[in-house]
Amino acid sequence: MGTFRGVDGAELELKPVIMSDSDSRTPIERMAAVRMDQERLIARAEQFAETRAERLRLAFRLAGLNPAAYIGQGTSLGGPLIQADDPSALAAILDVDEPFAARILSATSNLGDMRALTDASEGLPFARPTQARTTSGFGVRFDPFNGRPALHQGQDFAAPLNTPIYATAPGVVSFVGVRSGYGNTVEIDHGGGFKTRYAHLNSASVQIGQRVALGQRIGAMGSTGRSTGVHLHYEVWMNGRAQNPARFMKAGDYLVQ
């Protein structure tokens, strides 16, 4: 149960039954009750870890990401390394039967996945840059200036002038200035190959090299550059390729629910 320490909700969900000194049951009955409580706890631990881990795996898939790429290889417990495919070794060390040890490893493996994906998700651009109304999405659309089909590599949001714009993940500001077509632009490097771009800003409130936190204000909505009206053009890049921001926001919305 120590492996669940610090996990939100685990303490309440996996609380063992504490017997009082005034318990009138026989020693054999008390031992049987302890065993039943252990079975109850491991069943809850399995379900708790699997549910949390699967929710995170689904969020990553919604964003178009492979969750396995963010999970470390193997699971270890205690002092000596006990790999997740060796329940017999754990059974011998803990002095429990092998099926029970296998259930412990299953719960711990899911818990390890949950922790790894939670840590990874905290650095990914899953948040929304603004709560403003979404307009043009990612993909091919007709260019508003020449009427020809063109690839739109981001998500647009429409709102009044100077609506605050926020960082969608922690990172380091890698660009502040004017980009051709984008107007006033802020770009943030989130590490791991991820970058976000916030364009057509009326003003920026960060500087190059500045470290920003999730939800920190980085600028104000405007209509600079190649723009037909006040809006934010928001892009998500992974390893040099533009991604659909809507998928990342959908993943973030799912995790918040």
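# Reading a predicted protein chain

User: What does the accessible surface of the protein chain come to, and what share of that belongs to carbon and sulfur atoms?

Analyst: Accessible areas here come from the Shrake-Rupley method with a 1.4 Å probe, and for residues only the protein chains shown count as cover. The total for the protein chain is about 13,900 Å². The share belonging to carbon and sulfur atoms is 53%.

User: Where do the numbers and values come from?

Analyst: This is a predicted model, with local features needing pLDDT of at least 70, side-chain atom pairs counting only at pLDDT 80 or more, and totals for chains, interfaces and linings using all residues. Residues are numbered from 1 along each chain as its sequence is written, and side-chain values use heavy atoms, with hydrogens and water left out.

User: How many helices and strands does the chain have?

Analyst: Let's settle the terms before counting. Helices (H or I, at least four residues) and strands (E, at least two) are DSSP runs, numbered from the N terminus. On that basis, the protein chain has five helices and 12 strands.

User: How do helix 2 and helix 4 pack, and at what angle?

Analyst: Axes are lines fitted to C-alpha atoms, for helices over the stretch in contact (heavy atoms within 4.5 Å), and angles run from 0 to 180 degrees between N-to-C directions. Helix 2 covers residues 27-62 and helix 4 covers residues 98-121. Their axes are 8 Å apart, and the packing angle is about 35°.

User: Which kinds of residues make up the contact of helix 2 with helix 4, and how many are nonpolar?

Analyst: Ala, Val, Leu, Ile, Met, Phe, Trp, Tyr, Cys and Pro count as nonpolar, Asp, Glu, Lys and Arg as charged, and the others, Gly among them, as polar. Sorted this way, the contact of helix 2 with helix 4 has seven charged residues, five polar ones and, for nonpolar, 14.

User: What is the arrangement of the Phe 60 and Phe 126 rings?

Analyst: Rings of Phe, Tyr and Trp (its six-membered ring) pair if their centres lie within 6.5 Å, and planes under 30 degrees apart count as stacked, over 60 as edge-to-face and the rest as tilted. That rule gives five aromatic pairs. For Phe 60 and Phe 126, the centres are 5.8 Å apart and the planes sit at 90°, so the pair is edge-to-face.

User: How far apart in sequence are the parts that this pair ties together?

Analyst: Phe 60 lies in helix 2, while Phe 126 is in the loop between helix 4 and strand 1 (133-134). So the pair ties together parts whose separation in sequence is 66 residues.

User: And what about the rings of Tyr 198 and Tyr 234?

Analyst: Tyr 198 sits in strand 8 (residues 194-204) and Tyr 234 in strand 11 (residues 231-238), 36 residues apart. Their ring centres are 5.3 Å apart and their planes are at 40°, so this pair is tilted.

User: Is His 200 buried or exposed?

Analyst: His 200 lies in strand 8, and its phi is near 65°, a positive value in a residue other than glycine. Buried means under 20% relative accessible area, exposed over 50%, and partly exposed in between (1.4 Å probe, protein chains only). His 200 has 5% relative accessibility, so it counts as buried.

User: Where is Ser 223, and which residues does Ser 223 touch?

Analyst: Ser 223 lies in the loop between strand 10 (217-221) and strand 11. With a relative accessible area of 30%, Ser 223 is partly exposed. Not counting residues up to four places away in sequence, Ser 223 touches His 200, Thr 228, Gly 229 and Val 230.
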